[in-house]
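Please look at the sequence and the model below.

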Amino acid sequence: MTETTTVRDRLDGSARFIYEPVLDGLDRVIGNLGDLAENSGVPRDMVSHVVEGGGKLVRPTITLLAGALRQGEEERIVKMATAVELLHIASLIHDDTVDHSEKRRGRATVSRLWGDDMAVLLGDYVFAASATFVCDTGNIRVVRRFAETIMELARGELTERVSKHDWSQTSADYERRIYDKTASLICTAAESGGVLSGAPEEETQALRSFGYNVGMAFQIVDDVLDFTSSEEELGKPVGNDLLQGTLTLPALLFAGSHPDEAVVRRLRDGSREESDLTTMVEFIRNSSAIDETMAQLEGYRNAARAAVATLPDARARQSLDALVDYLAQRRN
């Protein structure tokens with residue numbers, strides 16, 4: 001249980017308050033991950049490297065908190081929380097491989113250590129392992145929702161790649177993409193906790209709404225930080241998404257409100273010159289597009305809070321409410 005101790009030790013006051021009601025459940029999730037590494041039949045060092053990667057387990061925490069609103073069958077909720085975390089891990093392995101990333105959370109990626117071929121195969125294995133945990137819940141609704149989420153994650157990655165440097169895309173296109181890439185899994189994490197705890201449908205839909213809005217806010221924060229943080233905080237160049245051709249909301253809002261700006265015209269005409277992209281990053285950093293993006297972020301946060309307000313009055317609800325601000329205020 002070394003990793004459990006590490007996660008707890010890293011939590012500040014607000015984070016500790018959020019995690020507190022489900023720390024025992026998280027212990028069991030981490031135990032499941034450790035058992036997978038020990039008994040998978042796959043080289044242990046590879047599996048251990050990814051399941052002990054230092055994440056804060058936000059998604060399984062949401063599943064456990066959603067389940068804790070009622071006295072459901074805890075074992076099934078823990079299995080679902082484990083599945084959610086494994087699906088997240090698998091998607092990161094594949095993302096890092098396709099992006100040729102060398103580091104994840106300050107550690108070398110699987111592809112960097114063992115090569116792209118091994119990384120793809122390991123990602124496939126972890127995907128499959130996540131599905132076995134979902135099947136162990138015995139609930140066809142969450143099994144189907146989980147399968148849909150895998151499709152959405154893949155669709156989000158595909159859409160992001162085919163839309164690189166495509167300045168004709170709209171804010172609505174961006175919202176669909178970040179739902180698929182990020183919010184879909186957080187949605188599933190929250191909804192499944194409600195389903196497995198026996199919550200009434202109205203409550204389950206409120207949890208789904210919470211997950212959707214928190215997930216959208218979560219990704220928008222990342223996209224704002226990509227422009228407003230320093231290279232030291234980000235661990236990559238400022239504006240890296242735009243430099244790589246991924247157009248996020250601040251870029252789309254700036255381009256939409258400055259159609260006659262010379263660099264915007266050049267980019268719309270197909271320029272991929274580094275000098276144009278770098279100039280665009282600086283324009284966006286110092287423009288109202290950041291404030292406009294933050295206003296949209298606040299809309300998602302308010303919607304998440306409104307969904308939480310309809311949930312049963314329980315300690316877990318307080319954690320879900322606090323999570324809205326915690327995720328939106330992170331710096332890296």
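The lining of the second largest pocket consists of 6 nonpolar, 4 polar and 4 charged residues; Ala, Val, Leu, Ile, Met, Phe, Trp, Tyr, Cys and Pro count as nonpolar, Asp, Glu, Lys and Arg as charged, and the others, Gly among them, as polar. This is a predicted model, in which local features need pLDDT of at least 70 and side-chain atom pairs count only at pLDDT 80 or more, while totals for chains, interfaces and linings use all residues. Residues are numbered from 1 along each chain as its sequence is written, and side-chain values use heavy atoms, with hydrogens and water left out.

Of the 14 lining residues, Val 22, Leu 64, Gly 67, Ala 68 and Glu 74 lie nearest the centre of the pocket. Helix H3 (23-39), helix H5 (58-68) and H6 each supply at least two residues of this lining; helices are DSSP runs of H or I, at least four residues, numbered from the N terminus.

Leu 64 is also among the residues with the most contacts inside the largest nonpolar core, which has 66 residues. Such a core is a set of buried (under 20% relative accessible area, 1.4 Å probe, protein chains only) Ala, Val, Leu, Ile, Met, Phe, Trp, Tyr and Cys residues joined through side-chain atoms within 4.5 Å. Helix H6 (residues 74-99) gives the most to this core, with 11 residues.

Val 84 lies in helix H6 and is buried, with a relative accessible area of 0%. Beyond its neighbours within four places in sequence, Val 84 is in contact (heavy atoms within 4.5 Å) with Arg 59, Pro 60, Thr 63, Phe 146, Leu 185 and Ala 189.

Methods
Buried < 20%, exposed > 50% of the residue type's maximum accessible area, 1.4 Å probe, protein only. 1 Å grid on protein atoms, 1.4 Å probe; cavity = no way out; pocket = protein on both sides within 12 Å on 5 of 7 lines; lining within 4 Å.
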